[in-house]
Amino acid sequence: MTNQDFYTSKLYYSKSERHFKNFCDAFLCVCIIICFGVVMFNSIFFPAIVSGPSMVPTLNPEYYINSTHQDMVYASSYLKANKGDIIIVKIPGIGKNDAIKRLIALGGDNVSFGDIYKNNEDRIYINGEQLVEVGYLKTDNTKCVDGFKNMIRECVDSGEDCYYNGRLALKREWVTTNSKGEYQISLPQDYCIFLGDNRPNSYDCSEIGPQKISSIHAKVVMIIPYGYNLLTYLSCKLFGAL
């Protein structure tokens, strides 16, 4: 081998080694970023499995969609929930498990339902404006509205607080009248109202009354349908398979 061949060979392998090293460095950086992202994601968001029919068809349990899988959600306790958001809450009377509902009203809101002595109505009004629930409410709302009307009517007729299964459901002082003379619930600042999307099959504020805002544990930020894991779901969304 001549000296020229030797130096050319050394130069060739030197470039190959540099390329390989650059590739390894880039791969290591990507792995570190992914690991950091996973750790951060898991520290901010947590998964919850959907069970029960109260949020159908927005969220589906296994037996409701005739599948071996069920929906999953990712939620965060660091994000503030606003009206219309899906939330994870603690509901009295259902044991240690949390429930998934939709936030309808917050402290300071006036919530009315028309004439409390006229049943079979299905409209909810927030601060005088009809609550529009297009897109997620697929079932009849009558049972829910009648539940609130029964609580208000009991407070008005008795002049006392309304109780459900021995627990306070609605305080008489929360029942006021609006400009039309209709009775309404004036929510205290630290209370809220949440409901299921599947109103006929939901155990929520229409039965137990307004609840403390502190009962909200987290805000749902992502719905993973039909048993996909997060990586599969994001991959399918990225490549248009969903």
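Is F148 buried or exposed? F148 is buried, with a relative accessible area of 1%. Buried here means under 20% relative accessible area, exposed over 50%, and partly exposed in between (1.4 Å probe, protein chains only).

This is a predicted model, in which local features need pLDDT of at least 70 and side-chain atom pairs count only at pLDDT 80 or more, while totals for chains, interfaces and linings use all residues. Residues are numbered from 1 along each chain as its sequence is written, and side-chain values use heavy atoms, with hydrogens and water left out.

**Overall picture**

The protein chain has 242 residues, and 39% of them count as buried. Its secondary structure comes to 4 helices and 14 strands. Helices (H or I, at least four residues) and strands (E, at least two) are DSSP runs, numbered from the N terminus. Contact means heavy atoms within 4.5 Å. Among contacts between residues at least 6 apart in sequence, 59% join residues at least 24 apart.

**Strand 2 and its partners**

Two strands pair if DSSP finds at least two bridges between them. Strand 2 covers residues 72–76 and is joined to strand 14 (residues 216–224) by 5 bridges. The two run antiparallel. Within this pairing, Y74 has M222 as its bridge partner, and A75 stands opposite V220.

Strand 1 also pairs with strand 2, in the antiparallel sense, over 4 bridges. Here the bridge partner of I49 is M72.

How many residues of strand 2 are buried? The count is 5 of the 5, so strand 2 is largely enclosed by the rest of the structure. Both of its faces are covered. M72, Y74 and S76 lie on one side, V73 and A75 on the other, and all are buried.

Strand 14 has a further link. Strand 3 (residues 86–89) is joined to strand 14 by 3 bridges, and these strands run antiparallel. V89 of that pairing stands opposite I216.

An open sheet of 5 strands has the order 7-6-5-11-10, with antiparallel pairing. Strand 7 and strand 10 (175–177) stand at the edges with a single partner strand each, so one side of each is left without a neighbour in the sheet. Strand 5 and strand 6 run antiparallel and are joined by 2 bridges. V111 has I126 in strand 6 as its bridge partner. Helix 2 packs on the sheet and touches strand 10 and strand 11 (183–186). The direction of helix 2 makes about 100° with that of strand 11. Axes are lines fitted to C-alpha atoms, for helices over the stretch in contact, and angles run from 0 to 180 degrees between N-to-C directions.

**Aromatic pairs**

A pair of aromatic rings is described by the distance of the centres and the angle of the planes. Rings of Phe, Tyr and Trp (its six-membered ring) pair if their centres lie within 6.5 Å; planes under 30 degrees apart count as stacked, over 60 as edge-to-face and the rest as tilted. A search of the whole structure finds 3 aromatic pairs.

F113 and F148 link distant parts of the chain, 35 residues apart. F113 lies in the loop between strand 5 (110–112) and strand 6 (125–126), and F148 lies in helix 2. F113 counts as buried at 2% relative accessibility.

Y164 and Y203 are 39 residues apart. Y164 belongs to strand 8 (residues 162–164), whereas Y203 sits in the loop between strand 12 (191–195) and helix 3 (205–208). Y164 is partly exposed, with a relative accessible area of 27%. Y203 is partly exposed at 23%.

**Around Y136**

E133 lies in the loop between strand 7 (129–130) and helix 2 (142–158). E133 counts as buried, at 9% relative accessibility. Which side chain makes a polar contact with the side chain of E133? That of Y136 does, at 2.9 Å. A polar contact is a pair of N or O atoms within 3.5 Å; within protein, one must be able to donate a hydrogen and the other to accept it, and residues adjacent in sequence count only if both atoms are side-chain atoms. Not counting residues up to four places away in sequence, E133 touches I104, N141 and R199.

R102 lies over the face of Y136, at 3.7 Å from the ring centre. For such a placement, NZ of Lys or CZ of Arg must be within 6 Å of the ring centre and within 35 degrees of the ring normal.

V56 is found in the loop between strand 1 (46–49) and strand 2. V56 is buried, with a relative accessible area of 11%. The C-alpha atoms of V56 and Y136 are separated by 8.8 Å, and the two residues are 80 residues apart along the chain.
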